[in-house]
Amino acid sequence: MKTAPLLTISASLSALSLALAAPAYAQQSKTASTETKTQSDDFHGTEDIVVTAPYVERLDILSGTSAISGEVLAEKTRAQLGDILTSLPGVSATSFSPGASRPVLRGYQGNRVAVLTDGIGNIDASNTSADHAVTIDTLTVDRIEVLRGPAVLLFGGQAVGGAVNALDKRIPRSIPDEDMHIDALAGYGSAARDWSGGASIDMPITERVIVHLDGSYRDSDDVRTGGYVLSPNLRSEMRNLAAEEASEGHLEEADEAHELAEQRGRIPNSAVKSWTAGGGIAFIDDKGNLGVSYSIYDTQYGIPARPGASHAHAGEEHAEGEEGEAPVTIGLRQYRFDFRGEVNLGDGFFEKLRLRSGYADYTHTEFEGDEIGTVFNSQGIEARAELVQNDRNGWRGASGVQYQTRDFEAIGAEAFVPPNISRQFGLFTLQEYTKGNLDAEVAIRFDKAELRADTLGLSRTFDDISAAFGLGYHIGDLKIGANISRTGRAPAVEELFSNGPHIATQAYEIGDPNLKSERAWNGELYARYDTPETAFSATLYTNRFDNFIYEAETGDIEDDLPVFQYFQNDAKVWGLEFQASQRLASFGSSNLSVDGVADYTRAKISSGGGNVPRIPPLRLLGGIELTNARIDVRGEVEFSDDQTKTAAFETPTDGFTLVNASATWRPFGRDRNIALIASANNIFDVTARRAASFTKDFVPLAGRDFRVTARVSF
């Protein structure tokens with residue numbers, strides 16, 4: 001892989017940004033977004049910003065959009081993006097380890113979920129494998145949105161599961177009235193002895209130019225869990241292994257297996273340490289805005305070991321009496337440049353030109369003890385440009401172009417994927433028409449993808465067309481509607497070209513270079529109701545896949561590791577999501593309310609292929625909350641059912657019930673933007689495992705966790 005000099009990269013990025021860039025943000029939508037509780041500051045507002053369609057007034061094609069910001073985001077902040085969002089409808093997490101967790105939407109993960117930073121991809125390797133961290137700083141991010149439904153195909157056919165967008169403040173959007181604006185967050189969590197803090201500063205240097213600086217730091221120990229570290233099935237395996245080793249006279253090995261089976265408390269090698277730094281500058285006036293930013297994301301985190309998953313390196317056999325393998329840790333660093341611009345075009349056919357682009361240089365090193373195992377290097381660019389139309393008697397829309405490129409290589413004896421280059425180009429348009437109580441929307445997208453592994457002499461090209469159509473009808477405060485879409489997704493490089501041991505996932509991964517594009521028919525029926533007293537959103541969805549791509553355990557062993565292989569078959573997925581809130585009573589300035597979330601996904605491979613692996617089970621969450629200007633108190637119960645509808649060789653997941661509570665104190669009221677938050681999570685210290693997690697059998701969720709957080713904005 002070639003590494004371009006910094007000046008060359010910057011010049012290339014600037015040139016590309018002017019030619020191909022993307023939308024960064026969108027405008028308000030009351031009914032399309034649900035947010036539990038927010039606290040705005042005097043500079044960064046908490047409007048319902050939805051990145052999907054900045055040109056659409058109400059985003060009616062979406063079945064629902066959820067967002068977290070303000071005090072809720074401060075209380076829920078964790079090391080990784082996926083673990084922050086799990087209270088939202090239809091959202092789970094991969095929870096591979098505390099240092100690597102990606103969102104799971106409607107049972108989909110990896111390449112079927114678009115993870116965005118301010119409207120474009122975060123340009124890391126988190127979609128490559130579940131052990132790779134998401135390079136989004138959760139301590140300085142301003143707002144996180146979860147978008148579902150067929151309209152997210154605007155981000156590409158890979159987003160059939162939905163999109164998660166993290167809005168940061170590195171390229172400012174407005175100029176504060178004060179000479180300096182500061183946001184800061186600091187917290188401590190007991191389960192992992194987790195110390196964290198982040199802060200940002202915005203300073204106007206002229207009436208039209210503003211500078212932004214931010215940074216964060218996190219240091220957490222191994223996570224303490226509520227019970228046994230290993231699942232019942234894995235504990236049984238270790239006990240049987242201990243008995244077998246003892247019968248053969250291998251007493252040391254028997255003691256080791258027995259110790260693993262009875263291990264409780266902290267999860268070994270699950271600590272995380274990370275830091276970030278960033279800065280940006282923007283020019284803002286009535287004719288538009290233009291801004292750039294630069295950031296660094298650095299993290300080191302442990303990969304808990306799968307019991308029994310040791311292997312010989314580079315095909316060598318272990319010597320007799322050799323000690324167990326050294327713990328695996330990952331060191332990751334990303335350097336990133338971003339550009340955003342917007343030009344107001346007046347009252348003609350087009351209202352605005354929106355530009356967005358980013359470049360990232362990413363290095364990810366997998367260590368075996370002190371030795372370097374495998375190094376992953378990636379350089380990528382993503383850019384978009386959109387022309388936004390003025391409203392013409394209820395007709396509005398936007399059309400754009402998108403470009404992505406990535407040069408990726410893995411270096412080392414356990415490089416499970418060959419060096420590869422991927423290029424993707426997309427064209428799209430979204431058009432909406434509103435007349436009276438009826439809304440209609442049409443979206444069309446064309447994607448061309450080229451994936452090359454030159455060392456293998458392999459090259460694949462895919463052309464995919466995606467389209468969506470939606471209708472919605474308003475009956476007073478009630479909105480009902482239906483959406484249908486046809487989407488296409490090209491296979492990812494990892495799905496095509498993987499072939500080898502992967503030390504971090506502790507699996508032997510095998511791709512299929514002959515995979516076809518994955519295509520799906522997607523349908524939704526939804527109803528939404530929104531008043532000051534009552535709000536609810538209900539969605540029923542279904543997906544019918546042709547050539548569905550999935551990774552499943554085969555039962556074979558290669559290099560002393562379980563083999564996981566990519567397959568392709570037709571599949572059917574359906575599910576439901578529900579979210580509601582109701583104000584029960586008001587006492588002066590205080591309000592008492594209840595809320596609830598329910599979601600369920602069912603996914604099967606056609607023609608007797610069994611269940612799709614790692615699908616979350618039925619989940620129910622209910623809460624009661626008392627709020628006023630100074631104090632908020634909340635209690636909630638989350639129930640997750642057993643997951644017994646598993647794929648071949650996949651173990652079932654026991655259900656669990658978590659009880660959580662939190663209290664927020666604003667000593668000077670809402671207008672002074674100072675909040676002290678105390679929370680108790682998993683109060684009864686139960687053992688909980690996510691069915692969507694690749695490591696669920698030996699990496700349970702945190703046990704009882706007391707957290708204190710301070711958030712200030714002034």
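**Helix packing and an aromatic pair**

Me: In this predicted model, which residues of α3 meet which residues of α4?
Reply: On the α3 side the residues are Arg-235, Met-238, Arg-239, Leu-241, Ala-242, Glu-245 and Ala-246, and they meet Leu-251, Glu-253, Ala-254, Ala-257, His-258, Leu-260 and Ala-261 in α4. The residues of this contact divide into 9 nonpolar, 1 polar and 4 charged.

Me: Why are α3 and α4 called roughly antiparallel?
Reply: The axes of α3, residues 232–247, and α4, residues 251–261, come within 8 Å and cross at roughly 165°. Angles over 145 degrees count as roughly antiparallel, and the two helices are therefore roughly antiparallel to each other. Their crossing is left-handed.

Me: What makes the pair of Tyr-550 and Phe-567 tilted?
Reply: The ring centres of Tyr-550 and Phe-567 are 5.9 Å apart and the planes stand at 35°. Rings pair if their centres lie within 6.5 Å, while planes under 30 degrees apart count as stacked and those over 60 as edge-to-face, with the rest tilted, so this pair is tilted.

Me: Where in the chain do the two partners of this pair lie?
Reply: Tyr-550 lies in strand β27, residues 534–558, and Phe-567 in strand β28, residues 561–587, so that the pair links distant parts of the chain, 17 residues apart.

Me: Why is Tyr-550 called buried?
Reply: Buried means under 20% relative accessible area, and Tyr-550, with 15%, is therefore buried.

Me: What makes Phe-567 partly exposed?
Reply: Partly exposed lies between the 20% limit for buried and the 50% limit for exposed, and Phe-567, with a relative accessible area of 29%, is therefore partly exposed.

Definitions and conventions. Residues numbered from 1 in each chain as written. Predicted model: local features only at pLDDT ≥ 70, side-chain atom pairs only at ≥ 80, totals over all residues. Heavy atoms only, no water. Axes fitted to C-alpha atoms, helices over the stretch in contact; angles between N-to-C directions. Helix = DSSP H or I, 4+ residues; strand = E, 2+ residues; numbered from the N terminus. Parallel < 35°, antiparallel > 145°, perpendicular 65-115°, else oblique. Left-handed = near helix turned anticlockwise from the far one by under 90°. Contact = heavy atoms within 4.5 Å. Nonpolar A, V, L, I, M, F, W, Y, C, P; charged D, E, K, R; others polar. Phe/Tyr/Trp six-rings, centres within 6.5 Å; stacked < 30°, edge-to-face > 60°. Buried < 20%, exposed > 50% of the residue type's maximum accessible area, 1.4 Å probe, protein only.
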